[in-house]
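Biologist: I would like to learn how to read a structure like this one. Could we go through it feature by feature?

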Amino acid sequence: MNSIDINNLQNSFHHAVNLSISPGAVSTSPTQSFMNTLPARITSAKLSKALKPFSTGDIRILLLENVNATAIEIFEDQGYQVEFHKSSLPEEELIKKIKDVHAIGIRSKTKLTEKILKHAENLSVIGCFCIGTNQVDLDYAANMGVAVFNSPFSNSRSVAELVIGEIISLARQIGDRSIELHTGTWNKVSSKCWEIRGKTLGIIGYGHIGSQLSVLAESMGLHVLYYDIVTIMGLGTAKQVSTLNELLNNSDFVSLHVPETPETKNLISGPQFAAMKDGSYLINASRGTIVDIPSLIAASKAGKIAGAALDVYPNEPAKNGSGAFSNQLNSWTSDLVSMRNFILTPHIGGSTEEAQSAIGIEVAAYLTKYINEGNSVGAVNFPEVSLRSLDYDQENIVRVLYIHKNVPGVLKTVNNVLSDHNIEKQFSDSNGEIAYLMADISNVNQSDIKDIYDRLNETSHKISIRLLY
Ligand SMILES: NC(=O)c1ccc[n+]([C@@H]2O[C@H](COP(=O)([O-])OP(=O)(O)OC[C@H]3O[C@@H](n4cnc5c(N)ncnc54)[C@H](O)[C@@H]3O)[C@@H](O)[C@H]2O)c1
C-alpha cells in the first residue's frame, strides 16, 4: 500500500487544480500537479502508518461513465485494481460486475437501486463523481453498510465566473447584439447599456458560490449586498442586509445562490419583482424552482426588469439535443425564448474542465480515506466519523471499523470483544438507523486479528466490519 498521506489530499486539491488552470494551455494534469506538491510533505507522510485491510484482499474499484482521469491516477497510485468504462453499463452487466468490487465510482446516469445493490457482496463505498446523489438508493446503501460520497462544491468557482460574465453581458445586451449580428443585423446602440462599475449586486444565499461571486464582483467595482438566513461575516466590504426586500430595493443586479428547499420555492415571484429597482436584472444559476418564470416574463414585459440570465429551469431535458427545450417540458418556454435581453444557458454553471478535475480529485480523496483509514467525513448517507492517523512506527495495532444497527447495548458487546486489548482511541456516531464505530486497539498480535474479526462478526446487530492493521 502506498504511503502518500491521504490526510492532505482534500486540503490540497484546490491548490492542485489551481496549478494547471491556464485556459487552453493545460500541460500538466491536476493530479500530477497535486503529486508534484508531495515531496514537501513526504517527511510528514512517512509519520502516518499505511494500514492494510484484513480479509478483503486487493481493493477492486469499478469506475463508470468516464470518471475524470484525476481519480484514476489517485486510485492506481494507491495500488487499487481499477476497471474503467467510458459509459454506464446495462443493468445485467452492472449486476455481474458489482458483485465483487469494493468500491464503485459513477456519475449521474448509473442508477444504483436496491435491485442492483443487493448483488454487491463486497461493496464498502460508492463515489458519485458529480453533485447529485439521487441516482443512488441512499437508505438501502446505508443499511448495507455502504457509505456514499459526492462532490457538492468543486464547481463553485465555475458558477461564480459564469455569473460575472452574465452581469456584464446583461448590462451591455451582448446576447441580443450577438443574435442580431448572427442573423445579419448591425445594431450599434448605447442606449440602456451600462458599465457595471459602481452598480450594486445583491446576492441571495452567501454560501460557497455566493461568497466567491462577492469577491469577484467587488474586484470589478461593484458594491455587494447579500441576504442569507444565516448571519455570515461578509468578505471584503460586502454588507449583509436583514431582509430580502432590503436587498431587492437596493440592487441593480440580483443573483440567486440558495439551495432548493420548501422555503426557496418561488422565492422570487410577483411581489419580489415589484420590490426590485426599475431597470434591474435577475440572474438565476441556482435551482429552477426558485424563480417563478411567468412572473419574470411579466415583469420584463412591463419594463420593470431590464434583462435576466437563467441557467436552471423547473424541468430540464434529460439529454442534449435539438427540440429538447420546448413547451412540453415547461408550458411557458416559447414565451421565455422570445424575451429580449434574456440569456438562457442549459445548466452549464458548473460545467468546466477544471470543475470535472476537481470533482475527480475530491471524490477520489474521500473514497481513498474511507478505504484506507475508515474516515467517513463527507458521507451523505452515513454517520460522519474520523480518527487521527496512526503513527508509522506503531506496532501491533488494529483499527476496527464496525457498522451496526443503532440499537441499545451494541457498544457494550463490542467493547467486551475489544477489552482484551488497549483501546487507544474510539469514536462512534449514528445517523438514523445506522451507527458507525471506529476504534484503534493496541497490544494485538497478528494471531489475535482473526479471533477479533470472528467474534465481532458474530455480534447480533452488526452490519459490516473491516479491520485494518
Ligand atoms: N448552475 C449550476 O450548474 C450549479 C452548480 C453548482 C451549484 N448550483 C446550485 O447553486 C446553489 C448554491 O450552491 P452553493 O454551493 O453556494 O450552496 P451553499 O450551501 O454553499 O450555500 C447556500 C446558502 O444559501 C443560504 N440559504 C438557504 N436558504 C436560504 C433562504 N431561504 N434565503 C436566503 N439564504 C438561504 C444558506 O444559508 C447558504 O449560505 C444551490 O442551489 C446549488 O444546487 C448550481
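Predicted model: local features only at pLDDT ≥ 70, side-chain atom pairs only at ≥ 80, totals over all residues.

Biologist: What lies between β15 and β16 in the hairpin?

Modeller: There are 2 residues between the two strands, and Gly432 in the turn has a positive phi of about 60°. As an example of the pairing, Phe427 has Met438 in β16 as its bridge partner.

Biologist: How do I read a sheet, and in what order do the strands of the 7-strand sheet come?

Modeller: Strands of a sheet pair through backbone hydrogen bonds, either parallel or antiparallel. Here 7 strands make an open sheet with parallel pairing, in the order β9-β8-β7-β10-β11-β12-β13. At the edges are β9 (239-240) and β13 (342-344), each pairing on one side only. Helix α10 (residues 208-219) packs on this sheet and touches β7, β8 (223-227) and β10, with its direction at about 165° to that of β8.

Biologist: Which strands pair with β10?

Modeller: On β10, strand β7 (residues 200-204) pairs in the parallel sense over 4 bridges, and strand β11 (residues 280-284) also pairs in the parallel sense over 4 bridges. Ile203 stands opposite Ser255 in β10, while Val254 has Leu282 in β11 as its bridge partner.

Biologist: Which way do the side chains of strand β10 point?

Modeller: In a regular strand the side chains alternate between the two faces of the sheet. In strand β10 (residues 253-256), Phe253 and Ser255 point one way, Val254 and Leu256 the other, and all are buried.

Biologist: Is Asp252 buried or exposed?

Modeller: Asp252 counts as buried because it has 21 C-beta neighbours inside 10 Å, and the cut-off for buried is 20 or more. Asp252 is in the loop between α11 (244-250) and β10. Apart from neighbours within four places in sequence, Asp252 contacts Lys199, Thr200, Lys277, Ser280 and Tyr281. Its C-alpha atom is 8.7 Å from that of Leu282, which is 30 residues apart along the chain.

Biologist: Where is the 5-strand sheet's edge, and what is the strand order?

Modeller: The 5 strands form an open sheet with parallel pairing, ordered β3-β2-β4-β5-β6. Its edge strands are β3 (81-84) and β6 (147-149), each of which pairs on one side only. Neighbouring strands of this sheet are turned by 15° against each other on average, direction ignored. Strand β5 (residues 125-128) pairs with β6 in the parallel sense over 3 bridges, and Gly127 stands opposite Phe149 in β6. Helix α4 (residues 69-77) lies across β2 (60-63), β3 and β4 (103-106), running at about 155° to β3.

Biologist: How many residues are in the largest nonpolar core?

Modeller: That core has 66 residues, and those with the most contacts inside it are Ile126, Val148 and Leu367. Helix α15 (residues 353-373) gives the largest share, 11 residues. Leaving aside neighbours within four places in sequence, Leu367 is in contact with Ala103, Val125, Gly127 and Phe149. A second, separate core has 50 residues, including Ala160, Val163, Tyr206 and Ala299.

Biologist: Which residues are closest to the ligand?

Modeller: The ligand is surrounded by 31 residues, of which the closest are Gly205, Gly207, Ile209, Gly349 and Gly350. Two or more residues of the shell come from each of α8 (156-171) and α10. The largest share, 3 residues, is from α10.

Biologist: What does phi tell me, and what is it in Lys192 and His347?

Modeller: Most residues other than glycine have a negative phi, and most peptide bonds are trans. In Lys192 phi is near 65°, a positive value; in His347 phi is near 50°, also positive. Lys192 is in the loop between α9 (174-182) and β7, and is exposed, with 12 other C-beta atoms within 10 Å. His347 is in the loop between β13 and α15, and is partly exposed, with 15 other C-beta atoms within 10 Å.

Terms used:
Residues numbered from 1 in each chain as written. Pairing = 2+ DSSP bridges. Axes fitted to C-alpha atoms, helices over the stretch in contact; angles between N-to-C directions. Contact = placed C-beta atoms within 7 Å. Core = buried A, V, L, I, M, F, W, Y, C linked by C-beta atoms within 7 Å. Near = placed C-beta within 6 Å.
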